[in-house]
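This report concerns the fold shown below. Please keep the sequence and the coordinates at hand while reading.

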Amino acid sequence: MALLSVDGLVVRFRTHEGTIHAVNGVSFDLDEGETLGIVGESGCGKSVTSLAIMRLLPKPAGRIEGGSVRFDGQDLLACSEAEMREMRGRDMAMIFQDPMTSLNPVLTIEEQMVETIQAHRKVGNEEARARAIELLTIVGIPEPENRLRAFPHQFSGGMRQRVMIAMALALAPKLLIADEPTTALDVTIQAQVLELLQRLTTETGTAAILITHDLGVVAGMTQRINVMYAGYIVEAAPTAELFAKPSHPYTVGLLHSIPRLDAVQGEELIPIEGAPPDQRRAPVGCPFAPRCAWRLPDCWTTNPPLVPVRAAEAVVTTGPGATHRVACHNSPTPGEAAAGRPLREGFVAAPPPSAVADELAVVVP
C-alpha cells in the first residue's frame, strides 16, 4: 500500500469574483522513501494540491469538494483539526514557498525550533535545545549554539531556508513536501539547498514531494514527475523517461522554453504562446487546447483522460517501473517532440469553434 494516495482531488475557491477551479480531479500515489516532482507554470495547482494534502487551505474560501487523500492508511479528509495538528510536523511536514516570510520575525530561531519539537515530544527545554543545535549542525549552519539566539532577519535567505529544512525534518516525518524550496535564492545557494534536501531525505528514508516550475530542479532530485496544467495532471512518468520521451505538448513546450547546456550554438528557445486559462471558467475540453500546436477538433470539447502512452499497458503508479501516462488526443511524435513543433505534412492545428472562440481570453496561435 502506498504511503500517500491522492484520488480524484478537487479543490475550489469560492470568491466574490466567482469560483476558482484550482484542482480538477488530481490522482497520484507515493511510496515510502520515494521522491516525486510536481512541475508546471505558476497557478497550475501545484501548491494548492500540497496545501489540500496538509489540510492548510485558506478558509473560508478554499475547500476540498471531491476526492480522497489517504496517508499511511488514514483518511486525512475525515480527520479532525486536532488530529491533523498531531500529524503535521510529526508524520508529515512542509517547507513553504518563501523562506523570507515563513519564520516568525519576532521570535528567535531557538524559540521556534524548540516549540516545534516540544509540540510533539515530551522533552524538556535543554533536550529540545540540544536537538535544535544538532539539526542546525546537520543543515550546515556554523556556530549553531550562537545562531539559535538570532532572529530571522539576521539570517540570509539561504540560511533561513536551511532553518526551515531543519524544522521540517526535526521529528523525522514520513512525508516531506517542499514547495518551491529554492525560491528567491541565488543559483549557488539553490544547488546547496537541493543537495542538502536530497542527502537528508535519502539518509532518513523520508518520502518527498518536490514542487517547482523548474524542470532542471527535478531532473536530478526525483524518481518520478507529474506535470500539471490548469489543475490537471497532463503527464506522469519516471523522470528519465519524461525527459527522453515527452508525450504531452505542454511538457514539450516546457522543455523547449528553458536553456540547455547541450544546446546547439544559435539554437533559439521556443516559447509557449498564449496564456494559462481563466480558472474562473468551468473546464471544458482540453485546457491546453488554446495554446497547443497539435490540437484536433476534439480537443475543444473533450478533455482526454490520463492513459498509458503504450496502449494496453498495465498502470503502475509508483516505483521505478511506474507507467508513463499522458492526457492528450494527439501526442507529438518523438521527432516532433525533439523539434518542438508539428512536422506532419499538411497538419494545421484545429481552430476553435465559433462558440468557443467568443469565450477565449487567451491568444490562440
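**Confidence**

The model is predicted. Its chain has an average pLDDT of 89, and 95% of the residues score at least 70.

| Element | Residues | Mean pLDDT |
|---|---|---|
| Helix α12 (lowest) | residues 354-359 | 62 |
| Strand β12 (highest) | residues 325-326 | 98 |

Where pLDDT is low, the predicted coordinates should not be read in detail.

**Helix α7**

Helix α7 spans residues 187-204, which is 18 residues. From its first C-alpha to its last, α7 reaches 26 Å, close to the 26 Å expected at 1.5 Å a residue. Buried positions in α7 are V193, L194, L196, L197, L200 and T201. Viewed down the axis of α7, the buried residues fall within an arc of 160°, so they line one face of the helix. An α-helix has 3.6 residues a turn, so residues three or four places apart point the same way. On the face of α7 turned away from the buried side are the exposed residues V187, T188, E195, T202 and E203.

The cover over the buried residues of α7 includes strands β6 (92-95), β7 (175-179) and β8 (207-212). Helices α4 (125-138), α6 (157-168) and α8 (215-219) are also part of that cover. Just after α7, G205 adopts a positive phi of about 75°.

**Nonpolar cores**

The largest nonpolar core comprises 64 residues, and I95, M113, V163, I165, V227 and Y250 have the most contacts inside it. Helix α6 supplies the largest share of this core, namely seven residues. Another core, of 36 residues, lies apart from it and has A22, L30, F71 and L76 among its members.

Not counting residues up to four places away in sequence, V227 touches V39, Y232, I233, V234, E235, L242, Y250, T251 and L254.

**Tyrosine 229**

Is Y229 buried or exposed? Y229 counts as buried because its relative accessibility is 2%, under the 20% limit. This residue lies in strand β9 (residues 224-229). Leaving aside neighbours within four places in sequence, Y229 is in contact with E41, C44, V234, Y250, A275, P276, P277, P287, F288 and R291. With R291, the side chain of Y229 forms a polar contact of 3.2 Å. D179 is 50 residues from Y229 along the chain, and the C-alpha atoms of the two are separated by 17 Å.

Key
Residues are numbered from 1 along each chain as its sequence is written. This is a predicted model: local features need pLDDT of at least 70, side-chain atom pairs count only at pLDDT 80 or more; totals for chains, interfaces and linings use all residues. Side-chain values use heavy atoms; hydrogens and water are left out. Helices (H or I, at least four residues) and strands (E, at least two) are DSSP runs, numbered from the N terminus. The expected span of a helix is 1.5 Å times one less than its number of residues. Buried means under 20% relative accessible area, exposed over 50%, partly exposed in between (1.4 Å probe, protein chains only). The arc is that of the directions from the helix axis to the C-beta atoms. Contact means heavy atoms within 4.5 Å. A nonpolar core is a set of buried Ala, Val, Leu, Ile, Met, Phe, Trp, Tyr and Cys residues joined through side-chain atoms within 4.5 Å. pLDDT is the predictor's confidence in each residue, from 0 to 100. A polar contact is a pair of N or O atoms within 3.5 Å; within protein, one must be able to donate a hydrogen and the other to accept it, and residues adjacent in sequence count only if both atoms are side-chain atoms.
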